[in-house]
There are 2 protein chains.
Amino acid sequence: MDVYISGVGMTKFGKSTESLEEMMAEAAGLALRNAEIERVDAIYIGVMNVEEFVGDSNFAALLADTLGLSGIPSTRVETASSTGAGAFETAFYAVSSGHMKNVLVLAGEKMTHLPTAKTTRILSEVIDRSERRYGATMPALAAMIAQKYASEFNLSPRKLEEILAMVAIKNHANGSLNPLAQFQRPITREEYLKSQFVSYPFRLYDCAPITDGAAAVVLTSRSTLVKVSGIGHATDTSAVSHRASLTSFNSTKESALKAYRMAQLNPADIQFAEVHDAFTLFEIIGTEDLGFFPPGEGWKALEQGVTQRRGKLPINASGGLKSRGHPVGASGLAQLVEMVWQLRQEAGAERQLEKADIGLAQSIGGLGNNNFVTILERADRKRVVAQGWRPDYRPKIKPSRRTGTAPPQEGPGLLGTYTVLYAPPEGFVSPLTLGFVRTKGGDRVMACNPDYTSPTDLTLGDRVTLHKREGLFVFEKQTLWKRLQHWIKSQSTSKHGQ
Amino acid sequence: MDVYISGVGMTKFGKSTESLEEMMAEAAGLALRNAEIERVDAIYIGVMNVEEFVGDSNFAALLADTLGLSGIPSTRVETASSTGAGAFETAFYAVSSGHMKNVLVLAGEKMTHLPTAKTTRILSEVIDRSERRYGATMPALAAMIAQKYASEFNLSPRKLEEILAMVAIKNHANGSLNPLAQFQRPITREEYLKSQFVSYPFRLYDCAPITDGAAAVVLTSRSTLVKVSGIGHATDTSAVSHRASLTSFNSTKESALKAYRMAQLNPADIQFAEVHDAFTLFEIIGTEDLGFFPPGEGWKALEQGVTQRRGKLPINASGGLKSRGHPVGASGLAQLVEMVWQLRQEAGAERQLEKADIGLAQSIGGLGNNNFVTILERADRKRVVAQGWRPDYRPKIKPSRRTGTAPPQEGPGLLGTYTVLYAPPEGFVSPLTLGFVRTKGGDRVMACNPDYTSPTDLTLGDRVTLHKREGLFVFEKQTLWKRLQHWIKSQSTSKHGQ
């Protein structure tokens, strides 16, 4: 059964004095009024970590009660930072099954009331334990991906900085036109460059902020102006180190493949997109993974203005997570709210896109391991699907490593990527240098070294030695002398050892 | 589209040395082998509070990876202690929509590794903040419901004790035949009576234990022997004090109504049931709410042996939550696993029920505010639904009080029910006396009094006075002298005041 959207609403994003349920009730009220209904058949609640941010559980029932809808079935859905998209997908199937006619999807998060180090610790729990115990945070892992991207596609540190700045500047400019965005002020290149490093090469302006906010959507089996054309959802390995590639996300590619197929659309059909820019570089990787631009060329499209609000394929006209803000549970749904406003031509004179008949949203859960792609379309758009239609989107998806293989060993390796983290979670000391080391056995291993405190101490591709210290891998650069020692030792071992 | 079950599996319930994901992987492996498939289109993960019990989030992706199914869409679903049933419902709609062919539902919880007071505190977070801040726990609220039930249906304390003991003894006897149950030993009446009070009138043997465990089910659109005939889901007010009745659960009744309608079945058609006996009395209330027995007569059916394993309507042949154990996220799904075994005649010579063609499971989320009823049926069972079929289940559902009405006031009231809690959560002192007071304004208000330390200090219906002390309501019994003083004061107020 086809599924449509009949109502949307969201709160102002930012620092709120309201409680989580008050914010969510506000968004729900707006969406229900917008849909012109008072009751629904079910409620799907998206909150990522209400237990630790707010200290509540059984939140689905609490929310139904807060809305004055106690009695109505209410279910909490969670897929880390893509939770809003996850709740939407779940509700989509409920309506699509024919068992439900009208369903409220409601997503939110309350985060700003806690100290930043605690928030960072809570957010870090989405990271695999094997990496989290090194003090790895979301910005740290994303920064390591940025370093790897630059090296793989031959971008100098200066060039990378330029590109990242461009994403931030574009999205803040877009956000300045969004009255519900957390930041409503354009930023300059100078401001970007003056902002502090959170985790090298990411500055404060490369990272989506900590935000309170809520968004709501009403899904319906009744035909309306906005149709849900395609949904795709895929996971990837828990540990980032187990991924086949660090410079693209399998979970986005597989989600996109499913969504394009369900919608019977190709990347070239998409007129605008909301892409999960929790970190500036993720927008660029996202536009590549979604098939808009070839791998390693997303930044060129950005440079050429293609993804600007008045460009050929506007990305994050809302301001994105970067400028609209990132209440983790809500962001995936807030993207869809923006898309509905664009599709309905309700985004306001300045933010409204010229061509807005088909839009796509991509949402990332965790560090790219629970992702969604959702395609919305105007139902009045004339389109004929050619007989024997086949998708022209054929991404390369190298399988990730399976867990449970032999544990990685100490010894020599190459520094695949690294970061210096200046905002570690509770219990870790700043700066914290983390890296992925490629071992001789072919494993990618997280390692740390407290002696390297500056980004310039290291270079990608450095020969290093891995030691285990207190259960953690520590990497050390091999000096020429050490390498010689190692070589001599290995020679004598191969003669006398077995 | 019709939905069937092709595979089930569960771990041994109890105290496990395995991690949560290891237990869940074990259950999933069993269910997938039982379904004779290796891959599924999606995974729905039920865990109630993985954040605080285990310190992880992004658990859906982690689980997919642990299962070697990374890539497959994986979504976490949560509805408090009915989470397993909630994940099942969500998966049901996904398959019913036609978008998914085979779906794995996987539910579990790891609880025994924490100190009991901490576990109690975490479990108490499902309770509305207005009641939780008094130190109310699940056993305390359930015990207050038991006192109210006894008073409403004229059961003496001795008689209530007898009935509760019968539930515990029956379910432990059933559990003794279940090799996966946490407790596999029958208990005697003497043992029951010797067990300590947790929250008067509930003893240790009235409460489901703290348990580790996992259960899994594979749903499919392919026709198999076991069909999902009906699902109902409903919520109720967050605060127990706002409920229309304390001696039945609206959320069970509304769920049952929906499930019976979807299945086109009546209570009399049900041959066996798994009922959420987190507390002994809840089994009795459950069998009444489900329409098996009239309100206030569930205990008579128990006394007459109707609900025994060899009775006319066996309840909790598995041992129930009481004896099988209660890993909160898993229980709702473990009930369905047992039902599938019974429907397939695979429950083992001793536990297998004679008539097992249609079964029903009822699962309670929180203190009765996010409940599910699920009906499973043998697909080879011949049945004709009469033309113009109408349900003969017509429960009385009085609406609960809406929140947001005027706050309750200090002053005189009647003690509606109370308990003395001997196992309070972290930060509260034992014994803790809690009660619901009915104010003159008609509000039901939670209140406490540290001076009453014995159950015999109080009687239901006692005239009390409510005071606010440090933001909490405290109740005090009115002595004759105090009542006289109050009367004199009220007389003088009505003369001189306005």
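Me: Leaving out residues up to four places away in sequence, which residues does B:Q147 touch?
Reply: B:Q147 sits in helix α7 (residues 138-152) of chain B, helices here being DSSP runs (H or I, at least four residues) and strands likewise (E, at least two), numbered from the N terminus. This is a predicted model, where local features need pLDDT of at least 70, side-chain atom pairs count only at pLDDT 80 or more, and totals for chains, interfaces and linings use all residues; side-chain values use heavy atoms, without hydrogens and water, residues are numbered from 1 along each chain as its sequence is written, and chains are lettered from A and ligands numbered from 1 in the order written. Taking contact as heavy atoms within 4.5 Å, the residues that B:Q147 touches are B:Y200, B:P201, B:T417, B:Y418 and B:L460.

Me: Is B:Q147 buried or exposed?
Reply: The cut-offs go by relative accessible area: under 20% is buried, over 50% exposed, and in between partly exposed (1.4 Å probe, protein chains only). B:Q147 has a relative accessible area of 10%, so the word for B:Q147 is buried.

Me: And A:A349, buried or exposed?
Reply: A:A349 is in the loop between α14 (331-343) and β10 (358-363) of chain A. Its relative accessibility is 79%, so A:A349 counts as exposed.

Me: How big is the area buried between chain A and chain B?
Reply: The size of an interface is often given as the accessible area lost when the parts come together. Buried area is just that loss (1.4 Å probe), summed over both parts. Carbon and sulfur atoms give 43% of the area buried between chain A and chain B, and the total is about 4500 Å².

Me: Which way do strand β3 of chain A and strand β3 of chain B run?
Reply: Strands pair if DSSP finds at least two bridges between them, and three bridges join β3(A) to β3 (residues 74-78) of chain B. A:R76 stands opposite B:E78 in β3(B). The two strands run antiparallel.

Technical notes:
Buried area is the accessible area (1.4 Å probe) that two parts lose on being put together, summed over both.
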